[in-house]
Amino acid sequence: MLRPLTLRSLVLYTALSLCANALPAAASPLSAELTALRQGEMSRLAVMETPLPVPDLPFTDETGATHSMPEFRGKVVLLNFWATWCVPCRTEMPELDALQGAMSGPDFAVVTIASGRNPQGQIARFFDQAGVTRLPRYQDESQRIARGMGVMGLPVSVLIDRDGHEIARLIGGADWSSPEARAVIKAAIAR
């Protein structure tokens, strides 16, 4: 059962993310550019006119060490929520791995978080079977960060700017190694 504070946070974040495009504020130059890039694999990308702060909630790595999104400030991040049982994730994860291999560095990173009950052994087997070698093996067993960001299903990919704000979101799988996806990432990095 969700605690009242968690439920309120979930409702608020979900409402903000779903209504962000409807806000009357003028679109930022980046949001206008990302909107123009919504083609092909990125046609379902929801672009936020007003960037939303990403909550500072913990998740763990394969050693059990705790991490949070502020560690990635200064980089554009593609944050992907997934699970070992998720069928679209099996297709998407190698594409995210290819994106990480092609574009990761001081300005960009792909951060993958297995949401829910995904023991590290299952995550390791999933990555081995999918041929994934460059992505982190983070997990959020309690689903705190997923709920805090209004993630209702999997996979969900959230594009986060250098300041730690959500600027776009894609619900469902996508080919993140496609030219359309790379154009979106490059536009976010260029800002």
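**Figure 1. Surface and overall fold of the predicted model.** The protein exposes about 8900 Å², of which carbon and sulfur atoms supply 57%; accessible areas come from the Shrake-Rupley method with a 1.4 Å probe, and for residues only the protein chains shown count as cover. The model is predicted, so local features need pLDDT of at least 70 and side-chain atom pairs count only at pLDDT 80 or more, whereas totals for chains, interfaces and linings use all residues. Residues are numbered from 1 along each chain as its sequence is written, and side-chain values use heavy atoms, with hydrogens and water left out. The protein has six helices and eight strands, which follow the order α-α-β-β-β-β-α-β-α-β-α-β-β-α from the N terminus. Helices (H or I, at least four residues) and strands (E, at least two) are DSSP runs, numbered from the N terminus.

**Figure 2. The aromatic pair of Phe-59 and Tyr-138.** A search of the whole structure finds five aromatic pairs. Rings of Phe, Tyr and Trp (its six-membered ring) pair if their centres lie within 6.5 Å; planes under 30 degrees apart count as stacked, over 60 as edge-to-face and the rest as tilted. The ring centres of Phe-59 and Tyr-138 are 5.0 Å apart and their planes stand at 75°, so this pair is edge-to-face. Distant parts of the chain are linked here: Phe-59 belongs to strand β2 (residues 59-60) and Tyr-138 to strand β6 (residues 138-140), 79 residues apart. Phe-59 counts as buried because its relative accessibility is 1%, and Tyr-138 counts as buried at 11%.

**Figure 3. The aromatic pair of Trp-82 and Phe-126.** With ring centres 4.6 Å apart and planes at 40°, Trp-82 and Phe-126 form a pair that is therefore tilted. This pair also links distant parts of the chain, as Trp-82 lies in strand β4 (residues 76-82) and Phe-126 in helix α4 (residues 120-130), 44 residues apart. Both Trp-82 and Phe-126 are buried.

**Figure 4. The ring cluster.** Phe-59, Phe-72 and Tyr-138 are joined into a cluster by ring pairs.

Notes
Buried means under 20% relative accessible area, exposed over 50%, partly exposed in between (1.4 Å probe, protein chains only).
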